[in-house]
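I opened my notebook with a model on the screen and a list of things to look up. Here is what I wrote down as I went along.

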Amino acid sequence: MNEPVLVIGGGMGGMLASWLLDNQHIPHIGFESSGQLGSDFLSEHPRMCSQASIHFVQQIFPNSDWMLSDQPPVEFRKGNWVPANAASSPFEEYCLKTPFFKMAVNHRGLMDHLFEKARPHFKTHLQIREIDEKQHVLRCHDGSSYVYSRIIWCGELDGLAKCYAGNKKELNKVLRKVDCSFSGISVDLSSEKPPPLTDNTLIFPFRYKDKILRSLGVIWCDKNTDQDCLTRWLILFERDFGEDKEEVAKCLKTFRREFAKEFGGGESELGVSRVRYLSAISCTSPLRVESLEVLPSVTYLGSQVFPSGRNENFQNLDRLFDNMALVEEEMMRLC
Ligand SMILES: Cc1cc2nc3c(=O)[nH]c(=O)nc-3n(C[C@H](O)[C@H](O)[C@H](O)COP(=O)(O)OP(=O)(O)OC[C@H]3O[C@@H](n4cnc5c(N)ncnc54)[C@H](O)[C@@H]3O)c2cc1C
């Protein structure tokens, strides 16, 4: 490979790709449209269901310690925390799964380890606008362009389809089946009355206009800040709603007010440390593809699809790690 491999997206997938290429001494450049590597992984409390994923992470970061958690999810109903009702969406189903593996201490060590490897290779604030299949050239929003031997795409697949100037008939067939995308907000709150200390998900339902929304919380302790335990809440919206920032802000205000009524002295006393808008959350099961080479010279590394012959039941990080094992094999062949 004379030209570099280009890695698009600096979330967990992109950082894993960079780790892998670095280990195999393959020259590569990473591109992230935001100012920061890590993306969704920064706002999650990584939990995985497959033992194989744990082996994979320990290969990357031998110091990580994982434990099996089997506490049940709980829901706030009529003033009490009680066992959670059945999940109301596939995403919720995923969040309520028990048992699962979680890191024994927070995942910052793993993040720092990956950041350290990936950072020198990545360019941030660069959005990929076009992939020219014929010339093997990638173009960015600022007019810069890069020749590539191969692309590892670690963003959403519909973003790839939008950028790709070439024959994408097969990819479009797959994308027609991806039907259920949500957006959301994640917000960290501390309160006078802390929720029950559980490893699993907490559900706090609240009314917003004519809807009952169910915010999903996890207890979050960051030993690197001076804050005690927070609860990190995720509120999901259908994508149209989530694109209306004014509605989202009103909804967040309602959530805080309702939460404060139950657990804090007043809205102003809730410690709100961080609000993040999550533009796209896919909540369907991954779709089967023939190969992770979803377009000529473009390998997909993410959790939206899985190649035939792999375990169909994996989701999210488990799926990402399973796909990564295949990308690793492919890179070794190419070297
Ligand atoms: C709040 C939350 C909690 C979650 N918790 C869990 C969990 O506990 N366990 C689990 O398994 N999964 C969880 N998930 C799912 C999570 O999405 C994955 O686990 C994983 O973090 C996804 O990583 P990724 O790199 O594939 O995608 P992302 O994190 O979405 O990263 C993609 C990156 O690509 C960049 N990008 C996209 N297009 C372009 C472009 N054209 N040019 C440049 N850059 C581009 C984006 O800016 C983004 O940074 C959670 C998700 C959320 C939102």
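How many bridges join strand S9 to S13, and do the two run parallel or antiparallel? I looked this up first, keeping in mind that the model is predicted.

**Entry: the sheet with S9**

I found two bridges between strand S9 (residues 128-132) and S13, and the two strands run parallel. Next I followed the whole sheet, which is open, has four strands and reads S11-S10-S9-S13, with mixed pairing. Its edges are strand S11 (145-147) and strand S13 (164-165), each of which pairs on one side only.

**Entry: the six-stranded sheet**

I moved on to another open sheet, this one of six strands in the order S8-S2-S1-S12-S21-S20, again with mixed pairing. Strand S8 (122-124) and strand S20 (293-295) are the edge strands, and each pairs on one side only. On average, neighbouring strands of this sheet are turned by 30 degrees against each other, direction ignored.

**Entry: S15 and the strands beside it**

Which strands pair with S15? I noted strand S5 (residues 74-77), which pairs with S15 in the parallel sense over two bridges. There, Glu-75 stands opposite Ile-203 in S15. I also noted S16, which runs antiparallel to S15 and is joined to S15 by seven bridges. In this pair I found Pro-205 opposite Arg-214 in S16.

I wrote down the background before searching: most residues other than glycine have a negative phi, and most peptide bonds are trans.

I stayed with S15 and looked at Lys-209, which lies in the loop between strand S15 (202-208) and strand S16 (211-220). Lys-209 is not a glycine, yet has a positive phi of about 55 degrees. The hairpin of S15 and S16 has two residues between the strands, and this is where Lys-209 takes that positive phi.

Then I looked for a cis peptide bond and found one joining Thr-98 and Pro-99, with omega at about -10 degrees. I located Pro-99 in the loop between helix H3 (90-96) and strand S7 (100-103).

I took H1 and H9 to begin with: their axes come within 11 Å and cross at roughly 30 degrees. Angles under 35 degrees count as roughly parallel, so I wrote H1 down as roughly parallel to H9. Their crossing is right-handed.

For H1 and helix H4 (residues 108-118), the axes come within 9 Å and cross at roughly 60 degrees. That angle makes H1 oblique to H4. I recorded this crossing as left-handed.

**Entry: around the ligand**

Which residues come nearest to the ligand? I listed Gly-9, Gly-11, Gly-155, Asn-316 and Leu-317, out of 34 residues around the ligand. Sorting the shell by type gave me 13 nonpolar, 17 polar and four charged residues.

I then asked which elements each supply at least two residues of the shell. My list has helix H1 (12-23), strand S2 (28-32), strand S3 (47-48), strand S18 (271-282) and helix H9 (316-334).

Why does the ligand lie between domain 1 and domain 2? I wrote that domain 1 (5-63 + 108-178 + 286-334) and domain 2 (68-103 + 181-282) both give residues to the shell, so the ligand lies between them.

Definitions and conventions: Residues are numbered from 1 along each chain as its sequence is written. This is a predicted model: local features need pLDDT of at least 70, side-chain atom pairs count only at pLDDT 80 or more; totals for chains, interfaces and linings use all residues. A residue is near a molecule or strand if its C-beta atom, placed from the backbone, lies within 6 Å of it. Ala, Val, Leu, Ile, Met, Phe, Trp, Tyr, Cys and Pro count as nonpolar, Asp, Glu, Lys and Arg as charged, and the others, Gly among them, as polar. Domain bounds come from an automatic or database domain assignment. Two strands pair if DSSP finds at least two bridges between them. Axes are lines fitted to C-alpha atoms, for helices over the stretch in contact, and angles run from 0 to 180 degrees between N-to-C directions. Angles under 35 degrees count as roughly parallel, over 145 as roughly antiparallel, 65 to 115 as roughly perpendicular and the rest as oblique. A crossing is left-handed if the near helix is turned anticlockwise from the far one by less than a right angle, and right-handed if clockwise.
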